[in-house]
Amino acid sequence: MHRQIAGKLTGPRTKYLVVVLWLLALAVFGGFAGKLTDVQNNEASSWLPASAESTRGFDRMSPFQNPNAIPTTLVYTSSTTTGADLAEVASGDIAALGGLDGVEGEIGPPLLSKDGEVAQLTVTFDLGSDGWSKMPGIVDDIREIADHDGVRLHVTGQGGSAADAAEAFGGIDSTLLLAALVVVVVILLFVYRSPVLWVFPIVSVVVGLGVTMGLVYFLAKDAGLTVNGQSQAILSILAIGAGTDYALLLVSRYREELRNFEDRHEAMAHALHRAAPAILASAVTVILAMLGLTFAEMNSTSGMGPVVAVGIGVTYLVMVTLLPALLVICGRWVFWPKRPAYGSAEPTQTGLWAKVGAMVSVRPRAVWITTTVLLLIACFGLLRLDANGLASDETYTKEFDSIVGQQVLVDHDMADQSNQLLVVADAAAQTQVQQALDGVEGLVSTTTPEGEVKSFPLGPAQDGVVAIAAVVDADVTSPAAYDIVDASRSAVRGVEGSDALVTGTSAMMLDTLEASQRDNLVIIPIVLVVVLLVLMVLLRAVVAPLILLGTVILSFGAALGISVLLFEYVFGFAGTDPSFPLFAFVFLVALGIDYNIFLMTRVREEAQTRGTRAGSLVALTSTGGVITSAGVVLAATFLVLGSLPMVFLAEIGVTVALGVMLDTMIVRSILVTAINLDAGDRIWWPGRPAKL
């Protein structure tokens with residue numbers, strides 16, 4: 001049946017129909033791909049679950065504070081203009097700043113540092129629901145207004161952070177894609193050693209990515225799917241990397257079948273019949289693993305699952321329909337200068353991987369035990385893992401202006417007035433709640449119309465509820481800020497009948513940390529079960545899937561352990577994002593199992609006629625080159641994530657790249673092959689090779 005379907009897809013007439021259908025799909029959806037960044041939601045509040053205290057508090061704040069408000073801090077500093085003169089410079093900008101689009105309320109007078117070297121203004125903007133995407137232009141306008149000789153301006157707070165985040169993700173739809181595609185083209189030129197063949201996988205990948213991004217645009221726009229800069233970056237990288245991997249596997253099998261069949265349509269039908277199940281199993285594994293993310297509390301994490309699942313699904317369809325059609329239409333000449341002639345010998349049987357198999361087969365038990373011990377040693381690096389989040393100045397791999405501004409405030413003993421702790425409580429308990437907050441260390445006094453106070457109400461009570469604010473004297477995402485939030489929550493909960501909820505940016509970031517830690521404990525077991533079930537269905541066995549899953553977990557632990565040491569001692573990163581372990585696990589397990597799927601489906605195929613031990617060696621020699629090439633492609637594309645100045649993306653890129661190379665070069669080629677040779681037919685229990 002599979003062969004009949006494959007034959008119809010690559011028939012003399014249907015091949016043209018397949019190409020036309022995909023071109024129509026690209027015409028319909030591709031035009032919206034470039035608009036995907038317009039529907040991104042990078043606000044911290046949109047990432048959190050509705051059950052989080054900061055989310056519930058944020059919802060109750062709506063009568064007191066515009067939910068679209070973006071407090072922005074302007075930091076003036078100078079080595080020549082100081083004291084009252086610097087305050088006068090800042091005051092002179094207030095009128096012009098008040099005329100900018102979206103300014104909300106009156107701009108208060110500047111605050112001056114004790115040493116007189118820094119002046120601080122707070123301007124709040126309301127630019128609508130998509131205000132964060134408009135902040136870069138607003139910040140440019142601010143800089144024009146506050147351009148004074150001898151005075152430096154830093155724009156920080158939520159507005160400055162939004163503008164810098166826009167710059168950090170600004171290369172997603174251009175620089176990142178271009179860099180990833182260039183890397184893949186270079187690798188394909190080296191792998192295929194053909195000036196022509198690389199074009200067909202790249203064209204197919206681009207078509208698939210264009211259709212995917214158009215589909216995701218509509219899902220984000222009309223179906224409420226949360227898409228942010230991180231998920232779009234990872235979608236692009238995964239679609240390119242996975243698509244190229246699928247292409248490598250299919251083209252390799254097609255080249256092999258061209259030596260067995262004179263008619264290229266028949267050769268492609270056989271290649272699809274043999275390769276498509278492994279590619280499908282790989283795609284299904286990744287899709288189900290990504291959909292497992294929908295069980296996450298974090299909206300940003302649960303939203304990434306469907307985004308990537310759609311990308312992998314479309315990529316699979318493109319690679320088993322459009323790519324075969326293009327190859328069959330063009331014929332054997334695309335392999336020039338080494339065209340696979342009908343009846344010629346298969347060169348992989350005497351290559352590098354044949355020699356590796358021969359070496360492993362001498363003492364397979366000693367090989368897999370030694371390899372396992374070495375990988376376990378690498379896992380000890382996990383003891384240095386710090387996934388408690390990153391402070392603002394640790395989030396990026398380059399120095400942005402908002403980070404510099406925050407540091408200037410810290411150096412001059414000033415608190416960022418835009419970083420407020422917000423409390424909503426019953427109006428009857430207002431006095432007690434304020435007294436409780438006034439006793440919290442780390443909340444600092446600020447100037448209000450009533451004078452210097454620590455906590456202050458945001459207007460009169462509404463429907464029996466009051467909102468109270470206080471300034472947090474710590475970096476918004478630092479452990480110190482989280483401690484202040486925890487202390488504040490404990491203090492107000494002690495007020496009987498207050499029904500108080502603590503929110504604000506630092507509170508949201510703390511809830512993000514806690515939700516991510518919960519997601520790690522829930523999602524990882526779900527992904528493991530999904531992967532195990534897919535392997536059992538594919539291989540029709542129990543032992544082999546358990547062995548494969550164990551090797552991938554071991555590979556993940558080793559890759560993460562080595563990566564953590566690299567982050568700390570080579571790159572100098574302060575730690576990792578709380579969601580990093582989960583994303584690294586999902587990507588490495590879902591993608592790492594791919595290479596074992598590619599290998600073991602071939603082992604199973606060969607075992608039917610040769611037996612498991614001989615079949616394992618044939619499978620290694622036949623798939624070794626293509627799987628290694630696929631691993632290099634995926635590793636290289638993930639490393640491209642480092643081109644964006646985000647520590648989280650750089651860490652994901654390095655870890656996945658390292659893990660993929662461990663999977664392809666050591667786990668799949670040495671560890672799994674050695675176990676297969678040692679265990680023999682027992683790996684197929686409860687089935688038997690004779691009945692395969």
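How much space lies in the largest cavity? Here are some friendly notes, starting there.

1. **The cavity.** About 30 Å³ of space lies in the largest cavity. The count comes to 1 cavity of 30 Å³ or more. A cavity here is a set of points, on a 1 Å grid over the protein atoms alone, where a 1.4 Å probe fits but cannot get out. Grid points are joined across faces, edges and corners, and the volume is the space filled by probe spheres set on the points.

2. **How to read the model.** This is a predicted model, in which local features need pLDDT of at least 70 and side-chain atom pairs count only at pLDDT 80 or more, while totals for chains, interfaces and linings use all residues. Residues are numbered from 1 along each chain as its sequence is written, and side-chain values use heavy atoms, with hydrogens and water left out.

3. **What lines the cavity.** Ser204, Val205, Gly208, Leu209, Ala239, Thr315, Val318 and Met319 line the largest cavity, each having an atom within 4 Å of a point. Helix H10 (199–222) and helix H13 (299–330) are the elements that give two or more residues to this lining, and H10 gives the most, with 4 residues. By type, the lining has 5 nonpolar residues, 3 polar and no charged; Ala, Val, Leu, Ile, Met, Phe, Trp, Tyr, Cys and Pro count as nonpolar, Asp, Glu, Lys and Arg as charged, and the others, Gly among them, as polar.

4. **The whole protein.** The protein has 23 helices and 11 strands, which are DSSP runs (helices H or I, at least four residues; strands E, at least two) numbered from the N terminus. Its radius of gyration, taken over C-alpha atoms, is 29 Å, close to the 26 Å that the globule rule gives for 692 residues, so the protein is as compact as a globular protein of that length. That rule is 2.2 Å times the number of residues to the power 0.38. Along the principal axes, the C-alpha atoms fill a box of roughly 90 × 50 × 45 Å.

5. **Helix H20.** The 29 residues of helix H20 (residues 543–571) should span 42 Å at 1.5 Å a residue, and the end C-alpha atoms are 40 Å apart, which agrees. The expected span is 1.5 Å times one less than the number of residues. Just after H20, Gly572 takes a positive phi of about 75 degrees.

6. **Trp684.** Trp684 sits in the segment after helix H23 (647–679).

Definitions and conventions. On a 1 Å grid over the protein atoms alone, a cavity is a set of points where a 1.4 Å probe fits but cannot get out, and a pocket is an open set with protein on both sides within 12 Å along at least five of seven lines; lining residues have an atom within 4 Å of a point.
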